[in-house]
Each structure stands twice: as C-alpha cells, then as structure tokens.
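Let's take a walk through this structure together.

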Amino acid sequence: MENISSESIAARLYAIEERINNAAERALRNPDDISLVAVSKTFPPEIIDEGIRAGISILGESKIQEAMAKHEQCSSADWHFIGRLQRNKIRHALSIFSAIHSVDSLQLMESIARVQDETGQRPQLFLQVNVSGEASKTGFSPEGARETLTNFPRLISELNIVGLMTIPPWAPEAEASRPYFRTLRELRDSISSELEIDLPELSMGMSGDFEVAIEEGATFVRIGSAIFGKRSSWKPQRTPDSDDYF
Ligand SMILES: *Cc1c(COP(=O)(O)O)cnc(C)c1O
C-alpha cells in the first residue's frame, strides 16, 4: 500500500472540497447541498482516523465484514454502505450503517423492511439503478425502479427511501458519465412527480467524474482514491474489465 501522510490526506481532502464547491457554483447550486462520502474501503483504521481528523464526516465502505472490523477501531463518523448487500448480512449492516446506497432488488427491500421491524433502525436507502444496462453491474433497470415503487406503495411508507444511486460504465473521460447522471436525475424527477413522493437525494460521482455529477444534480458524491490514494493491490482495481466493487 502506498504510504500517505496525514498531511497529504488533509491536503487532498481540502482540494476535493474546493473542487466540490467550484462545481456547485458553476452549476448555480448551494455547495451545502452536496455531501461527501469518503470511500475508505481497503484502508486501515489509522488512515481512516487521519481522514476523520482532517474533517471527513461520512465514510463509505463496500464490505460488511471489513467495515465491522474497522468500525469499532475508528473515531466516530457516519458510515454509509455502498457495496453489494447480501440478505443474511442486513442485520450487521443496520448495526453500523446509517445509509445504504446500493439497494438493488425488491427482495432486498422486503428483507430490510423485515429487519427494521425487529431492530427499530431505519437507515436512509438509495435504490441503485443500472442506467447503462451493463451485465456486470447490479441494480434496478430504470423501468424496474419505477415499477417497483409504483407497485409496492407499502414499501415506500415503511422504508426511508431518500433517492437513487448509479455507477456509470468505466471511462477515462469524466464527460462520458454525464448522460448516465442526467438519466438518473430525470428518472428521479419523473418518478417523484408521478408518485408524488419526495426523492431528494442523488448518489452519483466518484473520483474521476464527481464534478460532472454535481453539475447534473448529485447530492452525495462517493470519493475514494482521490482522498486516500491508490487502493491496496490485493483488491482488484477499477479497470474496464474488472468490476471489483459491484
Ligand atoms: C470504490 C467505490 C467508489 C469510490 O471510487 P473512487 O474511484 O476511488 O473514487 C464509489 N462508489 C462505489 C460504489 C465504490 O465501490
């Protein structure tokens, strides 16, 4: 793993916050409406704590076991789950995560509703939408998300569904992500007006394309490597052919 000093995490975080603010201003948006999820997957508790000392308030993790192990060693922060959630791990997930950005099926929604009933927790949920239709990615199709919310009004009242999330196809150019971000926003707009429900949040944008996402309406950006550096080599890296995180 690359060695990154606390100073450079603080410096990187500051630079990212500047870029978030500038992108918001370009889009005539209030920077306060955009939350940064610092994606700390693969990084150890010491590094995460340096990030928290530097001002990070929301952490993003994609593996339940890894997150549980780190959670108890880190200073306090808000933990958001961004990975694929297996139904038998929901109970663990709800014990440390206040939000789940990656709700990708009706079955998962049903199971979260059941666990919530027992535990009394009610995390913020984002429906993950596979806008590109890539076979390697999980999530609702855009029409699937619309139909699910239309056909299961009970889940809308039981669950705290705050918005939608997407991950565009890998591309070297940030601009390539724009149509996917725009489609997600338009889908959110049309679902919320059709069903008269509030879906204020859009979780979209990563290290390579968060400014474009903000221009297209992101309210949560999920940024890992631009803050913490390159992920350790034992995890598959994000390349055109390996969709490690999903
Ligand atoms: C890893 C991951 C990120 C962060 O990716 P970076 O390119 O390092 O910013 C964001 N979202 C999800 C779902 C991830 O798995």
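A residue is called buried when its relative accessible area is under 20%. Keep that cut-off in mind as we go through this predicted model.

By that cut-off, phenylalanine 43 and phenylalanine 228 are both buried. How do we describe two rings that meet? A pair of aromatic rings is described by the distance of the centres and the angle of the planes. By the pairing rule used here, the count comes to three aromatic pairs. One of them joins phenylalanine 43 and phenylalanine 228, with centres 5.3 Å apart and 25° between the planes, and is stacked. This pair links distant parts of the chain: phenylalanine 43 sits in the loop between strand 1 (35-39) and helix 2 (45-53), while phenylalanine 228 belongs to helix 10 (residues 225-228), 185 residues apart.

Another pair, phenylalanine 126 with phenylalanine 220, is edge-to-face: the centres are 5.5 Å apart and the planes make an angle of 85°.

Now find helix 5. Which residues of helix 5 are buried? They are Leu108, Met109, Ser111, Ile112, Ala113, Val115 and Gln116. The elements covering them include helix 4 (90-96), strand 5 (124-128) and helix 6 (142-151). After helix 5 comes glycine 120, with a positive phi near 80°.

Terms used. Residues are numbered from 1 along each chain as its sequence is written. This is a predicted model: local features need pLDDT of at least 70, side-chain atom pairs count only at pLDDT 80 or more; totals for chains, interfaces and linings use all residues. Side-chain values use heavy atoms; hydrogens and water are left out. Buried means under 20% relative accessible area, exposed over 50%, partly exposed in between (1.4 Å probe, protein chains only). Helices (H or I, at least four residues) and strands (E, at least two) are DSSP runs, numbered from the N terminus. Contact means heavy atoms within 4.5 Å. Rings of Phe, Tyr and Trp (its six-membered ring) pair if their centres lie within 6.5 Å; planes under 30 degrees apart count as stacked, over 60 as edge-to-face and the rest as tilted.
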